[in-house]
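Please open the structure in your viewer and follow the stops below in order, selecting each part as it is named.

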There are 2 protein chains.
Amino acid sequence: MSWTLGHSETLDAKPDVFVPATVPGAVQVDWARAERWPDVNQGDNFKAYGWMESCYWHYRTRIPEGLPDHAKGLYFVCRGVDYACTVRLNGQTLLEHEGMFAPFEINLEGLARPGDVLEVIVHPAPKAQPAQTTKPQVSYGWDFHPRLVPLGIWDETGLEVRPETRLRSAELGYALSDDFSSADLQLNVEAAGPVANSILWEMLDPSGKVVLSRLGDGSQAARLEHPLLWWPNGEGDQPLYTSRVALLAPDGSRAQVLDQRVGLRRIRLVMGAGAWERERENPVTQAPFPITFEVNGREIFAHGANWVPPGIFPGTVDASTYRPLLDLVAGAHLNLLRCWGGGFVNKDSFFELCAERGIMVWQEFPLACNFYEGTPAYLAVLDRESRAIILRLRRQTALAVWCGGNELFNSWSRMTAQSLPIRLLDRNCLDLDPGRPFLPTSPVFNIRHGDYRFRVNGDKDDVFSLYPKCQATAYMEFGVPGPSPVSVLKSVIPESELFPPRRGTAWETHKGFGAWDGDRNSWLMLNQVDHYFGPSSTLEQLVSRGQLLQAVGLKAIYEEARRQKPRCSAAACWCFNEPWPNAANNSVVAFPAVPKPAYRAVADANRPTLGSARVLRFEWAPGEDFAAELWLLNDSPGATPACEIDALLLVGGKAVPLGAWSVPAGLPNLNQQGPKVGVTLPAATGETFDLLLRVRGHPEWDSTYTFAWKRT
Amino acid sequence: MSWTLGHSETLDAKPDVFVPATVPGAVQVDWARAERWPDVNQGDNFKAYGWMESCYWHYRTRIPEGLPDHAKGLYFVCRGVDYACTVRLNGQTLLEHEGMFAPFEINLEGLARPGDVLEVIVHPAPKAQPAQTTKPQVSYGWDFHPRLVPLGIWDETGLEVRPETRLRSAELGYALSDDFSSADLQLNVEAAGPVANSILWEMLDPSGKVVLSRLGDGSQAARLEHPLLWWPNGEGDQPLYTSRVALLAPDGSRAQVLDQRVGLRRIRLVMGAGAWERERENPVTQAPFPITFEVNGREIFAHGANWVPPGIFPGTVDASTYRPLLDLVAGAHLNLLRCWGGGFVNKDSFFELCAERGIMVWQEFPLACNFYEGTPAYLAVLDRESRAIILRLRRQTALAVWCGGNELFNSWSRMTAQSLPIRLLDRNCLDLDPGRPFLPTSPVFNIRHGDYRFRVNGDKDDVFSLYPKCQATAYMEFGVPGPSPVSVLKSVIPESELFPPRRGTAWETHKGFGAWDGDRNSWLMLNQVDHYFGPSSTLEQLVSRGQLLQAVGLKAIYEEARRQKPRCSAAACWCFNEPWPNAANNSVVAFPAVPKPAYRAVADANRPTLGSARVLRFEWAPGEDFAAELWLLNDSPGATPACEIDALLLVGGKAVPLGAWSVPAGLPNLNQQGPKVGVTLPAATGETFDLLLRVRGHPEWDSTYTFAWKRT
């Protein structure tokens, strides 16, 4: 089925020119390809796309030859149009639709004949304000995303000829027994036509062995004894069963097969150890929201990161986009991605790849940083869209938590617990997916977001001093910006603008300057780099210094959050990835999947077990008393043996002993706090010095921290 | 229709004895009346009722003569059975029902014949634990309520012969325009039989004049221009319209009439002035819950009190119980009652009387201080019961806010925002009554509950020092206990036990001692009374001293909450009334409707406008520097003129000037903070001294505060 694409100023006007279209995809990509535009990611090229969001875009195809008589069983099936459209057959309107997440289908039986023209006319993008759509807000411009508003058919779409007798859907639900020794399976099948005694249900274990086989009329229940449990990354394996539902033809052959892969697990949000006993201030208020992930009865620390769209155009994102990024997520010992409400809701392949890697998904609905008023029109769209999202994703093993959206209960959004859109989302999740936790937004009491810089609070704090003073139950967003690798910079910034970085160049377009309201230096943070190291003389030196701050900062925050366990039970850096190559950004991986040095630091800080040091600032002067509180962090399900940790400074290549700690044997999933060790700092050598923790017999638990000498 | 009542050990056993029953009522009341038991409120008499909660109680009546042929149109209609029952006709089970708030009806057409025996067999009360019912928790014993668990038919119940053509229901909904200049009315009618063009809808204005008259088939819409608005007590009038729906017979006569009284108003919970600008701690968490009542676009201070069951037996409570209490509520300048989730949901007459008096109702569902697990059985009952409550009450003008229940997100309950019962309640309110605010529980962030004593925090604080340190958005429960009036005490405590009060007597049964876990002196608080005044030598002296502390304490807290406006926008004392005569209790009104001195203090503190003083402790020694910060509190919709406030102490009848304040003219609904005035205290005379604020020209704004001389 081939499509062409043209644009017009009004719904009914005819486009002058048609170009080949890729479905799924985006009108911008098709048009730019046809006109041989240069890479949208380079320089200021994206600005050329601005006019496109205001057009009507006509996707056109023809009904093919070879249909059954009267187009019997013919359907046009669309899984996603971004954002609103009119569908026409030979100029007759068949459907009007709004919302990119709700699929639709049109029965064409008796309507369509070979050669007929089928058109999907995509409407201009909704205006950014007031925010009254489910269009992802990020496209309208964000501190890491240019303003470029995609449009088009973004998910699988085409014609289907459906037999009269068929499976419409098959969905497996289950409940694990309290001791996890069995799973009560519930298969729900919807079918059309006479299917009595012709629906075969098989459960295949992770090795592919059939462990259950039932012939019946459709929906049925069964019990699976001693199921293999699915665990998050670092907590155990990720066995995936397959629920296979086959429609048998009269000859016994499999006329249709629907597979669902499923990892059996129970995920709850609970209060966590000691949470009820804290904060009994008189008079009392409510306890904080429960935010400890309990998986299969085990309370775990959520090693998280924030996930943003991995590309500007949702229609061009697929498993090949997700896979290298999710390999990096798993490789960094992370077990949770918060899919931020400013972006689009990912495709199924994202969740399937997460399930294979033990990555839990915190999925937000597409609301972010705005006051979404509960107008009837918006509530109707949100209702339809959210139901579609829930019905599509509730079968996904990786999906752990629903969340209403990003930062809605804050002064820059001004929604509250009374806002009808939030109550509607809670209701739809309860109605369609009652077993999954729902959070109205993030942050909720006492989750915290921020900061996004190395030095904060008017330079009174740095990342080392700020977080030990906080008492969050979860740090669901924190960031430290860093420049992209030099190779990435060279690919997007014209050579003439590369060094020194200046405002008004591609450095600014790509968010090196002025990206974050109120911080004109973001995200390159020249002022902070200069503060610690003085002016840089080459691009490589500047990048290296900026990247060092990002790596050091993120390691410091992750480990501090872990030291605050069990009060704190989750940490997620802002952000893991990015949708295009920024010159500098909080992401630890540059577009498309290029790790910055911070990636290694994040991976280090999230090792299940490691030696860790609490040091209360980054910048030190010779002669000052340096102090480090020693810890053995353990978020693994394994006990730790007794061991010895040596702490030493490395100053100009010379080791300065700080002290040692004999760590007793430790329980699974339990941190141990050790002594504070210290030394008077010797004379400075170079720009930085290192603190090393050496865990005897367990070099894989060693840690290194870098600190700056105060400039004189 | 007359009923008799007997009890048995099993559902199917026949009672030996039947006694006359009152419907609606309670089995305990009927049985005690038949056996001529003494007053349940006296001494330990209630203990005799203990066995009754474990019986099956058989209500029995006979189908009367004179029915239509085949009992055509005959229904058995029950508005409430406490708590579960089996309904039988001639021994055949027609219905099993659980839940006291969901009404039920049984179509008896073709089933019942004159003389048939109709039985409602009430099951034994559910056990207190685990809390998995909608039975009000207060009955199982509370710090102001004996353990006495009512059972029986508690709301209107009987046979109805219904014509084929009839109105089933008529309900008026409305939406006020943004400028309140018009109301869009929506009448929803359900009818049976042919009603075309025979349903007359009239709107009567508060004077009874017909302002709208429409003949039609049922549901319809209309607009009312320039409606008179309903206002809370102190904010304006309470005009009540009547929506009258009449079914016209062929001869034009009114065969059936359904009236609904309605006050037109819009009530929201909003963030209040300055709320978004406060608490921007970095990293940020969510903003507090919105808890400022906005009525018809005006943000007001909610002058509240907590309402508990006004009797032990819901079935004996009616308008005559409510009226004197609600007159007292209105007389104390209160505009909000929090109907606490530990009690039963009041009858319609409660809400109607509140609407007439400008009292807004915060209605909690019957959950309190327990972990209600979301078992399928409990969720089914809660779903049915909550829907019934919402459908019954959503038409009530006075109903302002729904709330999930009492103190559910605290360590003694351990429910969380993830608890399915809470999510279900939110969903049902959204589905059936989307225009009304919903709170999951009280307290939520940053509402506060407590304390309930004059001296708190291990005697480090008293009510004067504690609350100025708090930063709540609302104080939805705070209490100071006081003894009941001597006349009440004499009516319930045997004369031999009256003085001195001792544990193990009716003083303890009636909550003078050991009522509150962890405070063995509650609620008489002998230790605190003795601390300030030394041992009392007569009952009258003790009562007077205890009542003084209650009055002083409640006045201090209400005024401090008001001084914290706009951060704080609601205050509600625990509690207004009580279900039986306690010897001492936090209530400001003793059973059934006897004001304690604290009632006058509450009324004083809640005057719309008054002079007020912030003094930071209750106990003073001669020679100390006494200080008072002067305020003019104004929660009224009227501006205040410039005025002069004189502050003076009254010590042993002698006036000691403190200072004066020239108060500028003030805006409506705005407090003014004045200077701090002070004086070195003279020698002590008597046990107490007074602080007087005299507002020249406005004696109705004068205030008096009493303080204690430190005992030497």
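The radius of gyration used here is taken over C-alpha atoms, and the rule for a globule is 2.2 Å times the number of residues to the power 0.38. Keep in mind that this is a predicted model.

For its 712 residues a compact globule would have a radius of gyration near 27 Å, and chain A agrees because its own value is 27 Å. If you colour chain A by secondary structure, you can look for eleven helices and 45 strands, while 52% of the 712 residues count as buried.

Next, move to chain B and select helix H9 (residues 526–533) together with helix H10 (residues 539–563), whose axes lie 10 Å apart and meet at an angle of about 95°. H9(B) is therefore roughly perpendicular to H10(B). To see the contact itself, show B:Gln528, B:Val529 and B:Phe533 from H9(B), and then B:Leu542, B:Arg545, B:Gly546 and B:Leu549 from H10(B). Sorted by class, this contact holds four nonpolar, two polar and one charged residues.

Finally, select strand E32 (residues 474–478) of chain B, which is mostly covered, since five of its five residues are buried. Which strands pair with E32(B)? Strand E29 (residues 447–449) of chain B runs parallel to E32(B) and is joined to it by three bridges, with B:His449 having B:Glu477 as its bridge partner. Strand E34 (residues 570–573) of chain B also pairs with E32(B) in the parallel sense, over two bridges, and here B:Phe478 stands opposite B:Cys573.

Terms used: Residues numbered from 1 in each chain as written. Chains lettered and ligands numbered in written order. Predicted model: local features only at pLDDT ≥ 70, side-chain atom pairs only at ≥ 80, totals over all residues. Helix = DSSP H or I, 4+ residues; strand = E, 2+ residues; numbered from the N terminus. Buried ≥ 20, exposed ≤ 12 C-beta atoms within 10 Å, placed from the backbone. Axes fitted to C-alpha atoms, helices over the stretch in contact; angles between N-to-C directions. Parallel < 35°, antiparallel > 145°, perpendicular 65-115°, else oblique. Contact = placed C-beta atoms within 7 Å. Nonpolar A, V, L, I, M, F, W, Y, C, P; charged D, E, K, R; others polar. Pairing = 2+ DSSP bridges.
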